[in-house]
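My notebook is open, and I am going through one model entry by entry. Come along if you like.

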Amino acid sequence: MTPMIVSTAARPDLVPTTARWRWEAFFQDAMSLDEMLLMEAEATNSELMPTVLVLLEGEEPVGMVALCLDDLEGRPDLNPWLAGLYVADAHRGNGYGLRLIAELEGLARREGIDRLSLYTASAVDLYSKAGWSEVESFSKDEATYWIMQKAL
Ligand SMILES: CC(C)(COP(=O)(O)OP(=O)(O)OC[C@H]1O[C@@H](n2cnc3c(N)ncnc32)[C@H](O)[C@@H]1OP(=O)(O)O)[C@@H](O)C(=O)NCCC(=O)NCCS
């Protein structure tokens with residue numbers, strides 16, 4: 001079955017799923033799940049920022065990625081951002097991560113965005129495969145993060 005990608009603006013019923021994924025993967029120490037639900041619900045309006053894309057295998061949501069502003073505090077110069085890339089455990093290794101990255105890049109390009117940024121501690125190689133380059137590193141909570149960018 002060919003997976004398809006939808007936005008949560010088109011499918012707001014997917015917000016509880018994307019909020020739980022994103023909270024479990026990235027935000028457990030920073031906010032409550034209820035706060036995460038409110039943040040994800042913001043992406044269902046008609047504005048471009050933020051937009052959340054969800055990859056569906058049939059009816060089953062299996063991954064997500066977001067386009068947003070201000071993902072890293074104090075660095076508005078790096079706007080806009082690719083953030084929240086997540087693929088459910090059982091579905092990893094099928095190219096869905098790269099597919100979601102490519103879809104988000106296509107959306108941003110069509111909207112006239114000519115450069116995206118992201119930061120990651122764990123997935124530099126994945127983004128390099130998608131043509132992203134490391135531009136800076138920083139340390140936070142004893143981890144080293146890379147800021148990466150791609151011209152669209
Ligand atoms: C990172 C993640 C999104 C990858 O999803 P995925 O669907 O398994 O990725 P893909 O199948 O598209 O992987 C494509 C390639 O990148 C590689 N890759 C995948 N995850 C990687 C990682 N974390 N680090 C380095 N390389 C990775 C794969 O081995 C694959 O390489 P290949 O084409 O040579 O076989 C998924 O593991 C995940 O959700 N992890 C938890 C959340 C997370 O870490 N998100 C990214 C943080 S910024």
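A polar backbone atom of Gly93 sits 2.8 Å from a ligand oxygen. For Gly95, I again found a backbone N or O atom, 2.8 Å from an oxygen of the ligand. I then looked up the ligand's cover: it exposes 890 Å² when taken alone, and the protein buries 68% of that. These areas come from the Shrake-Rupley method with a 1.4 Å probe; for residues, only the protein chains shown count as cover.

**A note on the model.** This is a predicted model, so I keep its rules at hand: local features need pLDDT of at least 70, side-chain atom pairs count only at pLDDT 80 or more, and totals for chains, interfaces and linings use all residues. Residues are numbered from 1 along each chain as its sequence is written, and side-chain values use heavy atoms, with hydrogens and water left out.

**Ligand, the shell.** Which residues come nearest to the ligand? Of the 18 around it, they are Leu85, Val87, Gly93, Gly95 and Gly97; a residue is near if one of its heavy atoms lies within 4 Å. I sorted the shell into nine nonpolar, six polar and three charged residues. In that sorting, Ala, Val, Leu, Ile, Met, Phe, Trp, Tyr, Cys and Pro are nonpolar, Asp, Glu, Lys and Arg charged, and the others, Gly among them, polar. Strand 4 (81-87), helix 3 (96-110) and helix 4 (124-129) each supply at least two shell residues. Helix 4 gives the largest share, four residues. Helices (H or I, at least four residues) and strands (E, at least two) are DSSP runs, numbered from the N terminus.

**Salt bridges.** I counted seven salt bridges, taking a side-chain nitrogen of Lys or Arg within 4 Å of a carboxyl oxygen of Asp or Glu. Arg75 and Glu136 form one, with their closest N and O atoms 3.0 Å apart. Arg75 is in the loop between strand 3 (60-68) and strand 4, and Glu136 is in strand 6 (residues 133-140), so the pair ties together parts 61 residues apart in sequence. I also noted that Arg75, Asp77 and Glu136 are linked in a salt-bridge network.

Next I looked at Arg92 and Asp89, a salt bridge with closest N and O atoms 3.4 Å apart. Arg92 is partly exposed at 46%, while Asp89 is exposed at 60%.

**Strands.** Six of the seven residues of strand 2 (residues 51-57) are buried. I checked two partners: Met4 stands opposite Leu56, and Leu53 has Val65 as its bridge partner. Strands 2 and 3 make a hairpin with two residues between them, and Gly58 in the turn has a positive phi of about 65°.

Technical notes. A polar contact is a pair of N or O atoms within 3.5 Å; within protein, one must be able to donate a hydrogen and the other to accept it, and residues adjacent in sequence count only if both atoms are side-chain atoms. Buried means under 20% relative accessible area, exposed over 50%, partly exposed in between (1.4 Å probe, protein chains only). Two strands pair if DSSP finds at least two bridges between them.
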